[in-house]
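Welcome! Please take a moment with the sequence and the model before reading on.

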Amino acid sequence: MNTQYQINTFIQLTTQKIKESLSSKRKNIAIVSYYPTYRSNYGNLITELK
């Protein structure tokens, strides 16, 4: 497989997963982190937003 095809496939799958997680009845905030080390940079932001 070529790299661009893999990137496009990843984008399509990720977009679909994010859209499935969003609510159509209320406002949403989406935070996407692909690596656990980045999640630690948010501190308690995610807990506060819940």
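## About the model

This is a predicted model, in which local features need pLDDT of at least 70, side-chain atom pairs count only at pLDDT 80 or more, and totals for chains, interfaces and linings use all residues. Residues are numbered from 1 along each chain as its sequence is written, and side-chain values use heavy atoms, with hydrogens and water left out.

## A nonpolar surface patch

Let's start on the surface, where Ile7, Phe10, Ile11, Val32, Tyr34 and Tyr35 make up a nonpolar patch with about 590 Å² of accessible area together. Patches consist of residues with over 30% relative accessible area and no salt bridge, with like charges joined within 9 Å and nonpolar side chains (Val, Leu, Ile, Met, Phe, Trp, Tyr) within 5 Å. A salt bridge here is a side-chain nitrogen of Lys or Arg within 4 Å of a carboxyl oxygen of Asp or Glu.

Ile7 belongs to helix 1, while Tyr35 sits in the loop between helix 1 (3-21) and helix 2 (36-39). Ile7 is partly exposed because its relative accessible area is 40%, and Tyr35 counts as exposed at 52%; the classes are buried under 20%, exposed over 50% and partly exposed in between (1.4 Å probe, protein chains only).

## Two pockets

A pocket is an open set of points on a 1 Å grid where a 1.4 Å probe fits, with protein on both sides within 12 Å along at least five of seven lines; its lining residues have an atom within 4 Å of a point. The largest pocket has a volume of about 320 Å³. Its lining has 14 residues, with Ser21, Leu22, Asn28, Ile29 and Ala30 nearest the centre. By class, that lining holds seven nonpolar, three polar and four charged residues.

The second largest pocket contains about 160 Å³ of space. Ile29, Ile31, Ile46, Leu49 and Lys50 line this pocket.

## Across the chain

Ile7 and Leu45 are 38 residues apart in sequence, and their C-alpha atoms are 29 Å apart. Lys17 is also of interest: this residue is in helix 1 and counts as exposed, at 56% relative accessibility. Lys17 and Tyr42 lie 25 residues apart in sequence and 21 Å apart in space, C-alpha to C-alpha.

How values were computed:
Areas by Shrake-Rupley, 256 points an atom, 1.4 Å probe, with all protein chains shown as cover. Helix = DSSP H or I, 4+ residues; strand = E, 2+ residues; numbered from the N terminus. Points joined across faces, edges and corners; volume = space filled by probe spheres on them. Nonpolar A, V, L, I, M, F, W, Y, C, P; charged D, E, K, R; others polar.
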